[in-house]
Amino acid sequence: QVQLVESGGGLVQAGGSLRLSCAASAGTFSRYSMGWFRQGPGKEREFVVGVNRMTGSTDYLDSVKGRFTMSRDNAKNTVYLQMNSLKPEDTAVYYCAARPLGITRYDSWGRGTQVTVSS
């Protein structure tokens, strides 16, 4: 497993942008596939973005397509989530997660960072 620490959350007005970062413990970061999940108030945790293990494509939750972009910098052991055109329904705790390449299940999780979008 790898240790993950998110940052970059905060309060933003609708239409604004935030960039979340997730720093991973040093070592074999490049051997992990990364993803982002979120949990809104009173809701179940949901998948936001991750790399499809079968196709290699980056899959996004339909409601964030065209607005959110995941990227990573292996030299910095960091994955990012750029969030643009934020909506109040994007309000949630955002978690990054890691899974070893070739494995389906995410087995490492950060503690989350709060994103609040005001209308």
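This is a predicted model: local features need pLDDT of at least 70, side-chain atom pairs count only at pLDDT 80 or more; totals for chains, interfaces and linings use all residues.
Reader: Which pattern does the protein follow along the sequence?
Author: Helices (H or I, at least four residues) and strands (E, at least two) are DSSP runs, numbered from the N terminus. The protein has zero helices and 11 strands. Read along the sequence, that gives β-β-β-β-β-β-β-β-β-β-β.

Reader: What radius of gyration does the protein have, with its 119 residues?
Author: The C-alpha trace spans about 40 × 25 × 25 Å along its principal axes. The radius of gyration is taken over C-alpha atoms, and the globule rule is 2.2 Å times the number of residues to the power 0.38. For 119 residues, a compact globule would come near 14 Å, and the protein agrees with a value of 14 Å.

Reader: What percentage of contacts with a separation of 6 or more is between residues 24 or more positions apart?
Author: A contact means heavy atoms within 4.5 Å. Among those with a separation of 6 or more in the protein, the share from residues 24 or more positions apart is 58%.

Reader: Which residues of the largest nonpolar core touch the most other members?
Author: Buried means under 20% relative accessible area, exposed over 50%, and partly exposed in between (1.4 Å probe, protein chains only); of the 119 residues, 42% count as buried. A nonpolar core is a set of buried Ala, Val, Leu, Ile, Met, Phe, Trp, Tyr and Cys residues joined through side-chain atoms within 4.5 Å. In the largest one, with 26 residues, those that touch the most other members are L4, M34, W36, F68, L81, M83 and Y94. Strands that each supply at least two residues of this core include strand 3 (18–24), strand 4 (32–39) and strand 8 (78–83).

Reader: Which residues does M83 touch, not counting those up to four places away in sequence?
Author: M83 lies in strand 8 and is buried, because its relative accessible area is 0%. By contrast, R111, 28 residues away in sequence, is 19 Å from M83, C-alpha to C-alpha. The residues touched by M83 are G16, S17, L18, L20, R67, F68, Y94 and V115.

Reader: Is N77 buried or exposed?
Author: N77 is in the loop between strand 7 and strand 8, and has a positive phi of about 55 degrees although it is not a glycine. G27, 50 residues away in sequence, is 8.5 Å from N77, C-alpha to C-alpha. Because its relative accessibility is 13%, N77 counts as buried.

Reader: What is the relative accessible area of S85?
Author: S85 sits in the loop between strand 8 and strand 9. Most residues other than glycine have a negative phi, but phi of S85 is positive, near 50 degrees. S85 is partly exposed, because its relative accessible area is 41%.

Key. Residues are numbered from 1 along each chain as its sequence is written. Side-chain values use heavy atoms; hydrogens and water are left out.
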